[in-house]
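Trainee: I would like to go through a model feature by feature. Please give the general idea where there is one, then the case at hand.

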Amino acid sequence: QVELVESGGGLVQPGGSLRLSCAASGTIFSLSSMRWFRQAPGKQRELVATSVLGGGTNYADSVKGRFTISRGNAKNTVYLQMNSLKSEDTAVYYCNAFESGTAYWGQGTQVTVSS
């Protein structure tokens, strides 16, 4: 139905920046909600940021002021701009989207913050 593909992860120094991208394809009508999750080793998957169709955004307290979620000019693309990265941000980041009442997940992209 819907395929999500993340890109942009990698190794970055503390204080550095990365921009993650998520491209959606398939049977798409609205993608009313798109989200970024992350999962660090030994920890639960947590919600990082949310973008709704009307333009609203929400962020986890741990990333507020440092991360920005946005939708691209391409209709089915969402980004996560990550600034002032910390070692605690190291995780696999997953794109998530709701389409026609169903949640879809990408395969994840690794972000490693280390000096």
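Mentor: We will take the core, the charged pairs, the aromatic rings and the backbone in turn. Keep in mind that this is a predicted model.

Trainee: Let us begin with the core. How many residues does the largest nonpolar core have, and which have the most contacts inside it?

Mentor: The largest nonpolar core has 29 residues. Those with the most contacts inside it are Leu4, Trp36, Val48, Phe67, Leu80, Met82 and Tyr93.

Trainee: Which strands each supply at least two residues of this core?

Mentor: Strands E1 (2–7), E3 (18–26), E4 (33–39) and E5 (46–52) do, and so do E7 (67–71), E8 (77–82), E9 (91–99) and E11 (109–113).

Trainee: Now the charged side chains. How many salt bridges does a search of the whole structure find?

Mentor: In general, side chains of opposite charge can pair when their charged atoms come close. Here the search finds 4 salt bridges. Arg38 pairs with Glu46, with the closest N and O atoms 2.8 Å apart. Arg38 also forms a salt bridge with Asp89, at 2.9 Å from N to O. Arg38 lies in strand E4 and Asp89 in the loop between E8 and E9, so this pair ties together parts that are 51 residues apart in sequence.

Trainee: Are Arg38, Glu46 and Asp89 buried or exposed?

Mentor: Arg38 counts as buried, at 5% relative accessibility. Asp89 is buried as well, with a relative accessible area of 2%. Glu46 is partly exposed, at 34%.

Trainee: Which residues are linked in a network of salt bridges?

Mentor: The network links Arg38, Glu46, Arg66 and Asp89. Another salt bridge joins Lys64 and Asp61, at 3.6 Å from N to O. Both Lys64 and Asp61 are exposed.

Trainee: Next, the aromatic rings. How many aromatic pairs does the structure hold?

Mentor: A pair of aromatic rings is described by the distance of the centres and the angle of the planes. The structure holds 1 aromatic pair. Phe37 and Trp105 form this pair, which is tilted, with 4.9 Å centre to centre and 55 degrees between the planes. It links distant parts of the chain, with Phe37 in strand E4 and Trp105 in strand E10 (residues 102–105), 68 residues apart. Phe37 counts as buried, at 15% relative accessibility, and Trp105 as partly exposed, at 39%.

Trainee: Which rings does Arg45 lie over?

Mentor: Arg45 lies over the face of Tyr94, at 3.8 Å from the ring centre. The charged end of Arg45 also sits over the ring of Trp105, 4.8 Å from its centre.

Trainee: Last, the backbone. What is the phi of Leu31, and what is that of Ser84?

Mentor: Most residues other than glycine have a negative phi. Leu31 has a positive phi, near 45 degrees, and is placed in the loop between E3 and E4. Ser84 has a positive phi of about 50 degrees and is found in the loop between E8 and E9. Leu31 counts as buried, at 1% relative accessibility, whereas Ser84 is partly exposed, at 41%.

Key: Residues are numbered from 1 along each chain as its sequence is written. This is a predicted model: local features need pLDDT of at least 70, side-chain atom pairs count only at pLDDT 80 or more; totals for chains, interfaces and linings use all residues. Side-chain values use heavy atoms; hydrogens and water are left out. A nonpolar core is a set of buried Ala, Val, Leu, Ile, Met, Phe, Trp, Tyr and Cys residues joined through side-chain atoms within 4.5 Å. Buried means under 20% relative accessible area, exposed over 50%, partly exposed in between (1.4 Å probe, protein chains only). Helices (H or I, at least four residues) and strands (E, at least two) are DSSP runs, numbered from the N terminus. Rings of Phe, Tyr and Trp (its six-membered ring) pair if their centres lie within 6.5 Å; planes under 30 degrees apart count as stacked, over 60 as edge-to-face and the rest as tilted. A charge sits over a ring if NZ of Lys or CZ of Arg is within 6 Å of the ring centre and within 35 degrees of the ring normal.
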